[in-house]
Amino acid sequence: MSHPRDVLLGAQAASVQLPVCDHYSGVEARMRKSLQLQVDMMQEFGACVFDVTLDCEDGAPVGGEAEHAALVTELALAATAANPGARVAVRVHPVDHPSFDADMALIAARAGSCLSHIMVPKVETVADVERAQAALLQAGASDLPLHVLIESPAAVHRAFDIAAHPRVQSLSFGLMDFVSAHGGAIPAEGMGIQGQFTHPLVLRAKLDIASACHAHGKVPSHCVVTEFKNADAMRMAAKKAACELGYTRMWSIHPDQIRPILEAMAPSEAQIDQASEIIEAAHAAEWAPISHAGQLHDRASYRFFWQLLERAHQTGRPLTPSIQAFFAASGQLTLRGS
């Protein structure tokens, strides 16, 4: 019997799947702690449930960009050598920054084979993506994906074209720069936990980015929540991003934000139970239509419930042995509770 991804998703089965949390750190002590936390949680969950992105853009001191690039390169090499399942990325400087070429020449050349991706901030046009891709090719990192950060109204306008680029794997929304780019037209509250979900311009930008990603099979990654000590605010923001705006990934800027993101973006136990029952019955019926709890289900709803189970797997939720077997069959690691 074919795997559910092949039967239900077809060409979409090749779409990228990423951990739902992308954790950023740029100070050496915090980068080391983040990498160790990733190891600890890999042992807890049995798989890598969040990325660690080592930050050159905000982490490098002025005048110390080259030294910082060398540091993140060594950290990435050491972390992935010690833990082959680790997912480590690097955010480089923007393409128009004097350090961009040097970042790419060092980081992509030395660590490209072990990085999960490179994040390029302040991408404005497809031409910026092309320049970043050329730098990757020059460094010999021909297979390394790019993630891009959309941070201005003009970039949001071009989001569909940027998402269509085959090198781009994910688009992230840069809330702080986006609000600042409006020259005071969006109040400071637009950067806060409430305003970023209610101000029309911010909300429209988030929806445009998510739509662009889904149109091209890419991953939309939601912006930061600066109120990092407020776990309830973090859960609320992650839940809204996932359930109302269509985001399947979110940034973390503090270790305390990682678990709330995982919890908020994971399906509930009841949703997992329902999806498991339907997929198991559909599999037994060789994907023909079935009746479940008085409702008709066919491949359209099977697709929805299978994708829900994929998200459950990505967030380390317990799955039944028969469902977990599908992930084992596709080469994915078994997670805690299965």
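**Close-up views of a predicted model**

**View 1. Cys 223 is a buried cysteine.** Its relative accessible area is 1%, and buried means under 20%, exposed over 50%, partly exposed in between (1.4 Å probe, protein chains only). From the sulfur of Cys 223 to the closest cysteine sulfur, in Cys 21, the distance is 13 Å, too far for a bond. Cys 48 is buried as well, at 15%. Its sulfur lies 10 Å from that of Cys 21, the closest one, again too far for a bond. The whole structure has 0 disulfides (a disulfide is a pair of cysteine sulfur atoms within 2.5 Å).

This is a predicted model: local features need pLDDT of at least 70, side-chain atom pairs count only at pLDDT 80 or more, and totals for chains, interfaces and linings use all residues. Residues are numbered from 1 along each chain as its sequence is written, and side-chain values use heavy atoms, leaving out hydrogens and water.

**View 2. Phe 304 and Phe 305 form an edge-to-face pair.** Their centres are 5.1 Å apart, with 80 degrees between the planes. Rings of Phe, Tyr and Trp (its six-membered ring) pair if their centres lie within 6.5 Å; planes under 30 degrees apart count as stacked, over 60 as edge-to-face, the rest as tilted. Phe 304 is partly exposed at 49% relative accessibility, whereas Phe 305 is buried at 8%.

**View 3. Ring pairs join Trp 306, Phe 326 and Phe 327 into a cluster.** The model has 6 aromatic pairs.

**View 4. Lys 206 lies over the face of Phe 197.** The distance to the ring centre is 3.9 Å. The rule asks for NZ of Lys or CZ of Arg within 6 Å of the ring centre and within 35 degrees of the ring normal.
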